[in-house]
Amino acid sequence: MATMVSKFKSRGTSSFLALSGIRCTYPSTGSVGVDCHGSKDNHHMPVQDDTQNYHIESGFQNLTHTSVTFRRALETCDPHDVIIGADTMKILWSYGDRDPVAGSLKGHSANRGVRSIHFLGPMFRRPADAQQRDDLRQWDVTVKNVSIDASMDTLYWCKILKAPTLRDKHHIIGYEALLTKESSTKQPLVHHMTLFECSTNSYPGSDPNSWDVWVKSSGAVCNSNLLTPRDWDSCITPVATWGVGASGQFLPEHIGIPIGGDKGAPKYYMLEVHYDNPRAKRVLDHSGFRIHYTRHVRPHDAGMMISGVSVSDTQMIPPGQKLYRNVGICGPSCTGAVFPVEGINVVSAALHSHVAGRKMKLRHVREGKELPRIVEDDNYNHNFQQVRQLENETNVLPGDYLITDCAYETVGRRRPTLGGYSTKQEMCLSFITYYPKIELAGCYSMTPVKEFFETFGVFKFYGMNMTDVENLFLYNGNILDLLPTTVFPNFAPGGDVDDEQNQLAIRALQNAREYSIVDEEDLLYKESILNKLIISDPVEFHDRTFLSHLNQLPWSEPLFTRRVEQSILTGKHMTFCRVSSDSISVASEIFKYPVFDTYVKAPSQCPFHLFMEFAEHTSTAAKRMSSTKLLMLALLILYRRL
């Protein structure tokens, strides 16, 4: 059975370590360890296990520290021990100034903490070769004194930077985060950062010399139709990514991301920083990356791509759910068109969601069969988004599917959670590092707009056809850009409304106010496109905003919610293939969720864990059987189009 060897150090003379419910005490001798477990009785003091599965390898103590090296099987079959796997694990620790007496850890409460960790898989390491270390160069890419006001809850800030002047091609071999003091605490201000390559193929009417002007500027708000220059839309190929709790990554010694060199190499990059400021701080930030690169070119050019659910209001998670799934699919229309014949080799991946994320996996499907998961975390922690280096590289061939599968918990939420950039909204993304480098920046999917609304029994809105509505989502449009020419073509202040449809639209907008969200503090909902679309068909729902319609659905009915979930998961998906070269064009495609044999992990060898798995499945089935009826509203919504 596989064994884990780990080290533990503390500043005290007695120490206590807890690994997801497994607790060990180490007295000052450094040579004795006791395998314990937590107890709700005895004031949560550890209780010694019947079997001792932790074994001390070595230990020492000086005037300031106690250090212990220990080992334990990954799966002990002890009901008090959790299985150590690839999921994110949490270590609880505490230490005291005196040795414990008869197992008592009194006095440890003042010196304690928790840390998330990935126990299994290789660790990112700097180059081992002395010459490579000496030849490493650094390029610091940071924002410049971004002013975060107390009123800013969420801010995405983008800064254009110019690449180092390099006559020959070099390789980026790693990167680390450079964080200001406010983002190095337990409540960091910076939520995540991404560095993108830019293609300087200007849009009609733009000035190519503007890039050097933008380099000198402090930056601008990202993803804004009014504030972000249109040319920045060409900055889409990621080269570095960091999420809260992570440290960065160093690439394996046979690959590097190209920088500098020939005329086709990117000259400009864009740094995107997501600030999360729920505690209303007022600071000046200058965070970013330290990029490590070398003139010693490695055997393979590597690249990075993003895959998952397209960021849109059409990603919806109902309120009050213990687990609810969304999936983003990169399908054959993209992998078949862009991937080389020999495929790409995935070396690492970072999973990214926001606060509601609980389980995430990057799945791999080929010819109707799911292969082992590239990355899987059933204990996902949004505060620990470390890049996962794979123990064995995964080869993805043309025609394969990559599926980013996310599960969320919204038990304490009263309203649906929508996809978006704020941490109060949600994402479902995978940042994939691979080689050889291809012209692929991202591969996303979303539920087609028409199918999304029809899932909830809605077929038409006042003043806009479904093509107009679809364009709002696909092109980051503003509903006000469409309403004056569609809802109010003959209306002007003080004028007459002589069109019957316009009169209906105006009455609908007036009537919808009583259904609309009026919470002034919740701008995310108030400004959502879904809160501005007024239902005209069916008549049962007319004069409601679509978002208010979502709020009135019976999400507390498990059978209704599961049907909605499965309808969206296994229904149609629209995929987008974003390439960095104008020479390649891949049209979006709508396809049905693929049918495949699901990958099944090997079962536990421990009778206790098998019993627990059986009990969990039985309990879930019983809960579903207890719901014996569908609400009439659920029948109307789900079967209206049949």
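**Residues, strands and salt bridges**

Reply: G320 counts as partly exposed, at 43% relative accessibility; the class covers values between buried (under 20% relative accessible area) and exposed (over 50%), with a 1.4 Å probe and protein chains only. The model is a predicted one, in which local features need pLDDT of at least 70 and side-chain atom pairs count only at pLDDT 80 or more, whereas totals for chains, interfaces and linings use all residues. Residues are numbered from 1 along each chain as its sequence is written, and side-chain values use heavy atoms, with hydrogens and water left out.

Me: Where is G320 found?

Reply: G320 is in the loop between β24 (316–317) and β25 (324–330). Strands here are DSSP runs of E with at least two residues, helices are runs of H or I with at least four, and both are numbered from the N terminus.

Me: Leaving aside neighbours within four places in sequence, which residues is G320 in contact with?

Reply: With that exclusion, G320 contacts T410, V411 and R413, contact being heavy atoms within 4.5 Å. The C-alpha atoms of G320 and E409 are 7.7 Å apart, although 89 residues separate the two in sequence.

Me: Now the whole chain. How many helices and strands are there?

Reply: The chain has twelve helices and 37 strands. It has 642 residues, of which 51% count as buried.

Me: And what share of the contacts joins residues at least 24 apart?

Reply: The share is 78%, taken among contacts between residues at least 6 apart in sequence.

Me: Let us turn to sheets. What is the order of the open sheet of seven strands?

Reply: The order is β29-β26-β32-β23-β33-β36-β37, with mixed pairing; two strands pair if DSSP finds at least two bridges between them. At the edges stand β29 (388–396) and β37 (589–592), each with a single partner strand, so one side of each has no neighbour in the sheet.

Me: In which sense do β33 and β36 pair?

Reply: Strand β33 (residues 440–446) pairs with β36 (residues 572–579) in the antiparallel sense, over six bridges. M446 stands opposite M574 of β36.

Me: What about the open sheet of five strands?

Reply: That sheet runs β15-β12-β19-β14-β16, and its pairing is antiparallel. Its edge strands, β15 (220–221) and β16 (235–243), each pair on one side only. Between β12 (residues 154–162) and β19 (residues 268–276) there are nine bridges, and Y156 has H274 in β19 as its bridge partner.

Me: On to charges. How many salt bridges does the structure hold?

Reply: It holds 22, a salt bridge being a side-chain nitrogen of Lys or Arg within 4 Å of a carboxyl oxygen of Asp or Glu.

Me: Which residues are linked in a network of salt bridges?

Reply: The network links R325, R363, E370, R373, E376, D378, D405 and K601. Within it, E370 meets R363 at 2.8 Å, N to O, and E370 also meets R373 at 2.7 Å, N to O.

Me: E370: buried or exposed?

Reply: E370 is buried, with a relative accessible area of 2%. R363 is buried at 6%, and R373 is buried at 18%.

Me: Which parts does the pair of E451 and K572 tie together?

Reply: The side chains of E451 and K572 form a salt bridge of 3.7 Å, N to O. E451 lies in helix α4 (residues 449–455) and K572 in strand β36, so the pair ties together parts that are 121 residues apart in sequence. E451 is buried, with a relative accessible area of 17%, while K572 is partly exposed at 42%.
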